[in-house]
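Please walk me through this structure.

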Protein chains: 2
Amino acid sequence: MLFKTLTVSEARKRIANTLGAPAAEFAPLNEALGRVVAEDLKSPEDVPSFDRSTMDGFAVSAADTFGASESLPAYLRVAGEVLMGRVPGGVLDTGEAWAIPTGGMLPEGADAVVMVEHTENAGPDTRGAEKWVAVLRPVAPGENVVRRGEDARAGDKIIKAGRRLRPQDIGLLAACGVNSIKVRKRLTVGIIGTGDEIVDVGVVPQPGQVRDVNTVALAAMVEASGGKPLLFGVVPDELELLQRVLREAVATTDLVLLSGGSSVGTRDLTLRAIEALEQATVLFHGLAVRPGKPTVGAVAGGKLVFGLPGHPVSALVIFEILVRPFLEPELFERVPLRARLRRSLHSAAGREDFVRVRLHVENGELAADPILGKSGLIATLSRADGLVRLPLDAEGAAAGEMVDIFLI
Amino acid sequence: MLFKTLTVSEARKRIANTLGAPAAEFAPLNEALGRVVAEDLKSPEDVPSFDRSTMDGFAVSAADTFGASESLPAYLRVAGEVLMGRVPGGVLDTGEAWAIPTGGMLPEGADAVVMVEHTENAGPDTRGAEKWVAVLRPVAPGENVVRRGEDARAGDKIIKAGRRLRPQDIGLLAACGVNSIKVRKRLTVGIIGTGDEIVDVGVVPQPGQVRDVNTVALAAMVEASGGKPLLFGVVPDELELLQRVLREAVATTDLVLLSGGSSVGTRDLTLRAIEALEQATVLFHGLAVRPGKPTVGAVAGGKLVFGLPGHPVSALVIFEILVRPFLEPELFERVPLRARLRRSLHSAAGREDFVRVRLHVENGELAADPILGKSGLIATLSRADGLVRLPLDAEGAAAGEMVDIFLI
């Protein structure tokens, strides 16, 4: 078959075109943190549902305070007191003030609040036992008030589809009384390791053997992206065995990651196992990217299967740029950070490069120090704070240039 | 008592001084994602434990290839083949090459690998059936090889204490065979809401009432920071009742957050309930920060108790800058991002300001658009990507200045 080398963005498009609408389910608010919203969320009501004071003081009609000053206060009759959580027991008339706590509901007729610090107790007036307050500064209509619907109006879009919910989003949903949220189903991601030289993390490797890094790290990546990892172990380099495990993974999960070897032989094995699946279409075989060139993308029975490179850094970078966006859709739109590159990096035109970097602040801006090292060295990725992206049309980037950074 | 107003950094120091060493426990590697490492981790062994090829090709003694070219190849005898996961069945002698796959173990005597693309099959020689390979380019010692210990040497510090483990860190620990990790115990954080006007999220608020935003959002913040939230509900503004719930929370959790009202009356109530705790010391009462000035910090029986402001934005910002660093210690050291401010912000000297911003890339750098809005409006925090910090000694920041940003 033809070797279909695609750019990362072409690969993303081809994958997106094969995918149906993501399945959705309802999550209660207290389990919705980190879930991805399936459709735009609207506020069912005005929040708050009434005009609220943001200060301790006096609810007034602003017009009654115009022109007030320390030398010429506006004297208002204290006609009542607002209690927390209660409807005021009357209407505010011209010339009146109601004592009100922060968070209290404004009485009808009031349109502003005078802070208690800007008033003086004027005592009972000459006509009897009534209480009066001297207002020392004018307030504008709406001052020190949160208006009905100022946080959210009924019907306002409050959270966009594709957003992964953060604590403050949970707070906003609580404020609006949205107790159950339509979210994308968590994808179950099957992970298969391959390689005759790979031993389990708990085993002491013999000379010639190395421990399984990729399936362990990929499972953590899936978890960190909001998916559910399902491990199918490390399979020896035998086609029939690999085919059997792969068939089972495709049948029982939503998406499968094959962490193949890096040698030509084991890469062929991965590709043959994928091609042998029922209804398999290889979407691409080879990407114009470094690291991660030998990546395979396929769809089988409507499910995505990725053959990832064997070098751990390559596998994790490809996960980050190609797989993770399908678990966390908002990543597609995420704004990259910008940093000043501290040494020149070479890259071939027609290929995207992702280079590990450490970040720090220097001269008031973010600076990126490239970490050089073979893509077989997982320690280099653990030392990194992010990845610099060198775009397709660039032949590298010079020291001192501003570059795109993705935190990892 | 005296009103002790502190700066945020003084408050952090005072808190840190009252805390003992954090409790630790062991977590298995597959449950360690997101946990905070309790002490520096060292590699128990060299990784890899042998020299490994990073290419498909031929293991050689580099000296045998010096001067080789397309017109004058170096001819080497193919003396053996390295199998994946196996110790090579012999030693490489001068003038010999061993076929080797990516990931294969170099035979003794070999110090480099020639990529298969840089060789030609030279067929059997005139003397008999032996296989020969023509090397078309020289290789340097160490070329296309990961040396023993190149990923990590036995005794190397591989992860620093205080690091919150990311997927690539899990991968590195797997590579080194670290199967069980000493991590800080997850702190259980008790959360108490107060306020006569607050109703549960599932209840339709009557006029004058609002839904509980703070305890729901704080619980999500605790969860997102790796802690375990324990909710004690919303307590009406009654001192005795509040004291009882607070005592129970202090007795059964590691740290307590009181989300008090914003009116002077409810703030007094919060403070009195805290002061009534056994062995209570108020560390600060009032912070030189906006939003969040009326924050109270105390220690009671060795446990931290925070009285957070009632406005949701204030409560969440204070959580972010003051509480979260104790759940995720590495945040103390985290490099802030830098962005160009798109409009001027005012701030009083002697006070730190945290302003909500949206971020985007403009002219090759990160730009921050302030979101203005009262701190009672949770929607403003849901629209924000980060917080700009205006330091203590600044009187604001001008449009066009570079400022510190914390993602939220």
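Helix 3 of chain B passes helix 6 of chain B in a right-handed crossing. A crossing is right-handed if the near helix is turned clockwise from the far one by less than a right angle, and left-handed if anticlockwise. Helices here are DSSP runs (H or I, at least four residues), as strands are (E, at least two), numbered from the N terminus. The two axes in chain B come within 10 Å and cross at roughly 20°. Axes are lines fitted to C-alpha atoms, for helices over the stretch in contact, with angles from 0 to 180 degrees between N-to-C directions. Helix 3 of chain B and helix 6 of chain B are therefore roughly parallel (an angle under 35 degrees). Asn214(B), Ala217(B), Leu218(B) and Met221(B) of helix 3 of chain B make the contact with Pro312(B), Ala315(B), Leu316(B) and Phe319(B) of helix 6 of chain B. Residues are in contact if their C-beta atoms, placed from the backbone, lie within 7 Å. By class, this contact has seven nonpolar, one polar and no charged residues. Nonpolar means Ala, Val, Leu, Ile, Met, Phe, Trp, Tyr, Cys or Pro; charged means Asp, Glu, Lys or Arg; the others, Gly among them, are polar.

The model is predicted: local features need pLDDT of at least 70, side-chain atom pairs count only at pLDDT 80 or more, and totals for chains, interfaces and linings use all residues. Residues are numbered from 1 along each chain as its sequence is written, and chains are lettered from A and ligands numbered from 1 in the order in which they are written.

How covered is helix 3 of chain B? Nine of its eleven residues are buried (20 or more other C-beta atoms within 10 Å of their own). Among them are Val216(B), Leu218(B) and Met221(B). The cover includes helix 2 of chain A, along with strand 13, strand 16, strand 17 and helix 6 of chain B. Just after helix 3 of chain B, Gly226(B) takes a positive phi of about 90°.

Chain A has a helix pair to look at too. The axes of helix 3 of chain A and helix 6 of chain A come within 10 Å and cross at roughly 20°. That makes helix 3 of chain A roughly parallel to helix 6 of chain A. Their crossing is right-handed.

Now turn to where the chains meet. The contact takes 77 residues from chain A and 76 residues from chain B. On the side of chain A, the largest share, eight residues, comes from helix 2 (residues 167–175). By class, that side has 41 nonpolar, 22 polar and 14 charged residues.

Methods:
Contact = placed C-beta atoms within 7 Å. Buried ≥ 20, exposed ≤ 12 C-beta atoms within 10 Å, placed from the backbone. Parallel < 35°, antiparallel > 145°, perpendicular 65-115°, else oblique.
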